[in-house]
Amino acid sequence: MTPDEFNTLAASVSNTGRWGADDQRGTLNLIDADSIRRGLAAVRQAMPIPLSIPLDLEGPQDGTGIPGRINPVRTMLGINTSTGAHPAAAAYSDDIIVMPTQAATHWDALSHVSWKGRMYNNIPADSITARGATRLGIDTLGPIVTRGVLLDVARHRGLDRLPGGTEVTGAMLEACAHDQGVVMHPGDVVLVRTGHIQLFHERDIHGYHTPTPGLGVDSAVFFREAGTAAVATDTIAFEKLPSEVPEVVLPVHVLFLVEMGMPQGQNFDLEELAAASAGDGHYDFLFEGTPLAITDSTGGAMNPIALR
């Protein structure tokens, strides 16, 4: 795709001004009472499935990706520290953690990426200061509870995992939804499985980083037309790497975060959910994925759950 073609695509999916000049939630505005009720109706077995990877030193942020990103470092502040001199005094243990807010399983806030000096809804990029994201911080997103949908693209294509560098197109997503019998609704959170997280579980961190399968630029049109509230994948990059539009470097980030105002999630572990969904043929569920409300942060770690 040429830069001019990309500019045309970006304009076609833009949500600038759609929910007012002061909006900071983007496509999460599509979550309403009806989408939450659809999520509740998708709970058939009352079976919660975790979708996150652990927050620890064995995570994927080993410093070889974005400079400065590290895996969470946790240390003890106190170990059975007595609260007083009396033998009956209680004792406490405390610990502390240092980590990037994009560590492990997380949402990218709408402030995470800017393009041509602006962020979502034409908010100036210089709204990011030493204080952090003075606008579009992760704390502006609020609760994320709605119907969730799994699009198991790898299984749909007869593979355990997609090869690195595979572009997940809008046509592939549409075919996968049709094959699974999934009807998309406005306000859905969509989880796209590539199987790439298997490399992380196998401790092949270098292979997990790049090349990665991921969403292609035309997937933005698919999600825009479906009224999707947010999208997450089981990769570290979210989009296909190497990039389809080298001049932009992260074109799908630009389309989702800057143009559509759509939060995007990375490092979701979808293996257990995929097995359960394939087992009974149900690919929808109640999704809960509210990020930590870290004031002025460009990202938010979380522990998302699919309740089937």
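Visitor: Is Asn80 buried, partly exposed or exposed?

Guide: Buried means under 20% relative accessible area, exposed over 50%, and partly exposed in between (1.4 Å probe, protein chains only). Asn80 is exposed, with a relative accessible area of 60%. This is a predicted model, in which local features need pLDDT of at least 70, side-chain atom pairs count only at pLDDT 80 or more, and totals for chains, interfaces and linings use all residues. Residues are numbered from 1 along each chain as its sequence is written, and side-chain values use heavy atoms, with hydrogens and water left out.

Visitor: What is the phi of Asn80?

Guide: Most residues other than glycine have a negative phi, and most peptide bonds are trans. Asn80, although not a glycine, has a positive phi of about 50 degrees.

Visitor: Which residues does a cis peptide bond join, with omega about -5 degrees?

Guide: That cis bond joins Thr210 and Pro211. Another cis bond, with omega about 0 degrees, joins Leu241 and Pro242.

Visitor: At what angle do the axes of H4 and H7 cross?

Guide: Two packed helices are described by the angle between their axes and the distance between the axes. Helices (H or I, at least four residues) are DSSP runs, numbered from the N terminus. Axes are lines fitted to C-alpha atoms, for helices over the stretch in contact, and angles run from 0 to 180 degrees between N-to-C directions. The axes of H4 (residues 170–180) and H7 (residues 219–226) cross at roughly 50 degrees and come within 7 Å.

Visitor: Which residues of H4 and H7 meet?

Guide: Gly170, Leu173 and Glu174 of H4 meet Ser219, Phe222 and Phe223 of H7, where contact means heavy atoms within 4.5 Å.

Terms used:
Helix = DSSP H or I, 4+ residues; strand = E, 2+ residues; numbered from the N terminus.
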